[in-house]
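Subject: Structure handover

Dear colleague,

I am passing the structure below on to you, and my notes on what was found in it follow directly after. Please read them with the model open beside you.

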Amino acid sequence: MQASGKNAGLGLALVSAVAFGGSGVAAKPLIEAGLDPLHMVWLRVAGAALVLSPLAWRHRDLVLRRPALLAGFGLIAVAGVQAFYFASLSRIPVGVALLLEYLGPALLLGYIRFVQRKPVTRAAAAGAAVAVVGLACVVEIWAGLRLDALGVLFGLCAALCQAFYFVFADQGADKQDAPDPLGVIAYGMLIGTLVMTVIARPWEMDWQVLGGEAALGDMTLPAPVLLAWVVFVATVFAYLTGVVSVRRLSPQVAGVVAFLEAVVATVLAWILLGEHLSTWQIVGGGLVLGGAFIAQSARPAPALAPVPAGAGPAVVDRETTRA
């Protein structure tokens, strides 16, 4: 992979992390104003689907070319992550649920190594380990920890769905007929909306909340402004830059950089909502940044040695073959 392409991918991954990380800060005032969390998720996904619907029509050939990819992205990478995270959140502390969800990049490394049977760089593995420790500090996992087996299971399912987000985002990227990421995301949002409609039941929503105002720290903003930020910036823009960054980097590196979303969310909550950072959260943020730096500095892993005849096919890491 050329250095310029990798640098561009890293920049997009960072931008995506910032955009995703800002979703909670904009959504929390709406939830505190009276919106149910699941209704907030439905508005986020449905709004993005509406914005991207012209792209879905433009790339309608994907329905026949890549139906499994579109279904998987919508069911798992969009609806699955959201539904399992909020199910987990209802049974265990917020910090623990967030940490479990962001085990996704670590699970991704296991999938790449043991399912796809591709080599994982030591830097990516080390970066993931450092970032997980840092994330535990950011969310202060030790504060109010209580074990609920079903809640933990839901959190791990959210992590698994997040891992497959990176897998789906990279599908076909090394082929000439690679599916356009705009089309994949557009159909993913449409499918995710259908699933979340069944789960969230938006017809029970208090729609009057969207016609009023919500408090963002010391400021009061119209609810539609906050909703627009969640839809356009924290969803549409975040998913677009995220998918493109995966294709320019690799799933394993982009996955570790995604840990920065939790740091961004914490810092923005500190600045805009007055939720002050503790010493451990500041230390954890530094560890997450360090882990992301270690991962993105990875060199392509060498191709595995050819396997003797009769012992199975040789496996070559895609990073070593991409220009």
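**Thr-193 and its surroundings**

The side chain of Thr-193 comes to 3.4 Å from the backbone oxygen of Val-45, a polar contact in the sense of a pair of N or O atoms within 3.5 Å, where within protein one must be able to donate a hydrogen and the other to accept it, and where residues adjacent in sequence count only if both atoms are side-chain atoms. Before going further, please note that this is a predicted model, in which local features need pLDDT of at least 70 and side-chain atom pairs count only at pLDDT 80 or more, while totals for chains, interfaces and linings use all residues. Residues are numbered from 1 along each chain as its sequence is written, and side-chain values use heavy atoms, with hydrogens and water left out.

A polar atom of the Thr-193 side chain also lies 2.7 Å from the backbone oxygen of Met-189. Thr-193 sits in helix α10, residues 181-200; helices (H or I, at least four residues) and strands (E, at least two) are DSSP runs, numbered from the N terminus. Thr-193 counts as buried because its relative accessibility is 12%, where buried means under 20% relative accessible area, exposed over 50%, and partly exposed in between, with a 1.4 Å probe and protein chains only. Apart from neighbours within four places in sequence, Thr-193 is in contact (heavy atoms within 4.5 Å) with Trp-42, Val-45, Ala-46 and Ala-49.

Leu-75 is partly exposed, since its relative accessible area is 45%, and its contacts, leaving aside neighbours within four places in sequence, are Gly-80, Ile-191 and Val-195.

Gln-82 is also placed in helix α5, and it is classed as buried because its relative accessibility is 11%. With neighbours within four places left out, Gln-82 is in contact with Val-41 and Arg-44.

Ser-88 has its place in helix α5 as well, which covers residues 67-89, and Ser-88 is buried, with a relative accessible area of 1%. A polar atom of its side chain lies 3.0 Å from the backbone oxygen of Gly-151, and Ser-88 touches Ala-97, Gly-151, Phe-154 and Gly-155, not counting residues up to four places away in sequence.

On a 1 Å grid over the protein atoms alone, a cavity is a set of points where a 1.4 Å probe fits but cannot get out, a pocket is an open set with protein on both sides within 12 Å along at least five of seven lines, and lining residues have an atom within 4 Å of a point. Grid points are joined across faces, edges and corners, and a volume is the space filled by probe spheres set on the points.

The structure holds one cavity of 30 Å³ or more, and the volume of the largest cavity is about 80 Å³. Its lining includes Ala-13, Phe-20, Tyr-165 and Glu-261, and the largest share, four residues, comes from α1.

The largest pocket has a volume of about 1300 Å³ and is lined by 44 residues, of which Ser-23, Gly-24, Tyr-85, Leu-98 and Ala-265 lie nearest its centre. Helix α2 gives the largest share of this lining, seven residues. The lining divides into 28 nonpolar, nine polar and seven charged residues, counting Ala, Val, Leu, Ile, Met, Phe, Trp, Tyr, Cys and Pro as nonpolar, Asp, Glu, Lys and Arg as charged, and the others, Gly among them, as polar.

**The whole chain and its confidence**

The secondary structure comes to 15 helices and two strands, and buried residues make up 49% of the 323 residues. Among contacts between residues at least 6 apart in sequence, 86% join residues at least 24 apart.

The average pLDDT, the predictor's confidence in each residue from 0 to 100, is 80 for the protein, and 85% of the residues score at least 70. Over residues 300-323 the pLDDT is below 50, and this stretch has 41 contacts in the model beyond near neighbours in sequence. Confidence is highest in helix α3 (residues 37-58), at a mean of 93, and lowest in helix α15 (residues 318-321), at 32.

With best regards
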